[in-house]
Amino acid sequence: MSDDIRALSAQLAQDPQSLVFLRLGEALRRKGQLDQALRVAMNGLERHPHLADAHDLYARVLTDKHDYERAFDEWDMAVRIAPNHTGALKGLAFLYFKVGDIAQAEAHLERARKVEPGDPSIDQAFEMIRGGGKAPAAPSPPSAAASPAAPAPAAGSLDEARVFAGLDGGSNEGLLLVDGAGRVLGGALRDGGGGDVTDTVAAYLAGVSLEAARTAKLLGLGAWNGLSAEGQHGNVHLAHPTSDALLLVVRERGMPLGRLTILAQRATAMARRWLEKET
Amino acid sequence: MSKALDLITRVRGVRGAMLVSAEDGLVVAEQLMEGIKGSAVAALAASLAGKLRRAMEAAGTGTSVFWHLQADQGALLVVPASGEGGILVVAVAEPDVNIGLVRLELLRAAEAVV
């Protein structure tokens with residue numbers, strides 16, 4: 001244990017109500033002692049549930065642990081408590097960037113810039129977003145506070161052609177399997193004009209999934225199992241075969257939602273088996 | 001508006017129905033059972049609707065005319081009543097609700113409020 005962490009731990013032990021947990025949690029996080037940092041952040045949050053900095057610290061640790069869904073909730077809460085909290089705004093911008101929602105990422109950075117116009121990390125983040133395009137593989141966070149480790153490796157070596165073999169004619173078209181960061185694991189999608197929209201849709205899916213989970217959780221509906229939607233020109237079903245993967249099934253408007261749901265359940269089971277086998 | 005929501009909440013298993021501004025996630029009208037936070041439902045439904053719309057447009061299916069979030073302990077069902085920036089007709093239901101029936105009532109309500 002380093003001296004600074006030892007000293008901060010002693011201070012916190014002397015006065016558990018003090019805000020020194022913020023510095024201790026951050027110090028532990030920077031040292032990569034994430035489990036200890038998480039405990040400190042959670043204990044601090046229990047004592048100071050209306051402190052935006054406590055939610056911000058917790059979110060940073062969660063981000064380092066790749067728990068982006070909960071990190072989003074915490075940064076979101078921090079901004080509700082303190083709308084001008086630049087750390088939380090930059091954190092949210094980073095998570096939106098990560099799922100490919102560039103417009104939201106820019107909007108949050110713009111809000112942060114209005115609060116701290118001289119912060120060079122915001123300009124750097126803007127440059128990265130505008131230069132990097134969609135869904136980066138391992139972006140450095142726009143916030144100096146948020147420094148997630150690189151995401152899990154992409155499954156490029158997997159035999160993606162076999163994911164949905166035998167399902168609905170054996171075609172991968174209209175079926176898309178992505179990881180939690182919006183990277184394609186298998187399948188492909190084309191729009192009405194025949195253009196390949198696989199990567200674009202994959203980038204959006206993580207955002208939809210994040211929001212679906214958040215909605216179900218905050219409304220007390222428990223864990224979400226699926227999302228079905230009828231569109232003007234086609235129907236879709238979104239499910240998660242594993243906690244880290246998302247599956248999208250897209251079919252023509254003529255396929256009723258009930259049948260689409262059955263097809264999606266079969267595809268989900270196949271994707272789950274494939275993921276268990278290949279990873 | 002109240003009559004339109006009546007038809008939805010009459011369906012067995014529906015715990016509440018609301019009209020929500022899609023643009024800002026604010027409640028326009030509501031009929032909810034006790035314990036359901038209308039403002040939270042409105043904000044979350046509008047946010048999810050926006051994200052889903054972008055994903056569906058990218059996938060070439062056009063904007064959604066009905067969507068349904070299934071969860072362990074319930075469901076959220078939504079029909080956008082009009083185009084972008086319009087009204088969402090929203091129902092919160094038990095997990096074993098008759099989805100087809102709620103969908104029909106939501107579509108009827110959507111026609112009534114346009």
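Reader: Which pattern does chain B follow when it is read along the sequence?

Author: Read along the sequence, chain B follows the pattern α-β-β-α-β-β-β-α. This is a predicted model, and in it chain B has three helices and five strands.

Reader: How should I describe the interior of chain B, and what share of its 114 residues is buried?

Author: A residue is called buried if 20 or more other C-beta atoms lie within 10 Å of its own. In chain B, 48% of the 114 residues are buried. As for contacts in chain B with a separation of 6 or more, 50% of them come from residues 24 or more positions apart.

Reader: How are strands held in a sheet, and in which senses can they pair?

Author: The strands of a sheet pair through backbone hydrogen bonds, and the pairing is either parallel or antiparallel. Here, ten strands form an open sheet with antiparallel pairing, in the order 2(A)-1(A)-5(A)-4(A)-3(A)-3(B)-4(B)-5(B)-1(B)-2(B). Its edge strands, each pairing on one side only, are strand 2 (184-188) of chain A and strand 2 (27-32) of chain B. On average, neighbouring strands of this sheet are turned by 15° against each other, direction ignored.

Reader: How many bridges join strand 3 of chain A to strand 3 of chain B?

Author: Seven bridges join these two strands, which run antiparallel; the strand of chain B covers residues 64-71.

Reader: Which elements of chain A supply the side that touches chain B?

Author: The contact as a whole takes 35 residues from chain A and 29 residues from chain B. On the side of chain A, helix 9 (198-218), strand 3 (224-231) and strand 4 (234-242) each supply at least two residues. Helix 9 of chain A gives the most, with twelve residues. By class, this side of chain A has 17 nonpolar, 14 polar and four charged residues.

Reader: What should I note about helix 9 of chain A, and is it mostly covered or uncovered?

Author: In an α-helix, there are 3.6 residues a turn, so residues three or four places apart point the same way. Helix 9 of chain A has 21 residues and reaches 30 Å from its first C-alpha to its last, close to the 30 Å expected at 1.5 Å a residue. The helix is mostly covered, with 15 of its 21 residues buried. Helix 9 of chain A lies across strands 1 (175-179), 2, 3, 4 and 5 (245-252) of chain A together with strands 3 and 4 of chain B, and runs at about 70° to strand 1 of chain A. After the helix comes A:G220, whose phi is positive, near 70°.

Reader: Where does strand 4 of chain B pair, and how many bridges join it to strand 3 of chain B?

Author: Five bridges join strand 3 of chain B to strand 4 (residues 74-80) of chain B, and the two run antiparallel. They form a hairpin with two residues between them. Among the bridge partners are B:W67 with B:V78 and B:Q70 with B:A75. Strand 4 of chain B also pairs with strand 5 of chain B in the antiparallel sense, over six bridges, and B:P80 stands opposite B:L88 in strand 5 of chain B.

Reader: Which residues of strand 4 of chain B are buried on each side?

Author: B:G74, B:L76, B:V78 and B:P80 are buried on one side, and B:A75, B:L77 and B:V79 on the other. Thus seven of the seven residues of strand 4 of chain B are buried.

Key. Residues numbered from 1 in each chain as written. Chains lettered and ligands numbered in written order. Predicted model: local features only at pLDDT ≥ 70, side-chain atom pairs only at ≥ 80, totals over all residues. Contact = placed C-beta atoms within 7 Å. Helix = DSSP H or I, 4+ residues; strand = E, 2+ residues; numbered from the N terminus. Nonpolar A, V, L, I, M, F, W, Y, C, P; charged D, E, K, R; others polar. Pairing = 2+ DSSP bridges. Buried ≥ 20, exposed ≤ 12 C-beta atoms within 10 Å, placed from the backbone. Axes fitted to C-alpha atoms, helices over the stretch in contact; angles between N-to-C directions. Expected span 1.5 Å × (residues − 1).
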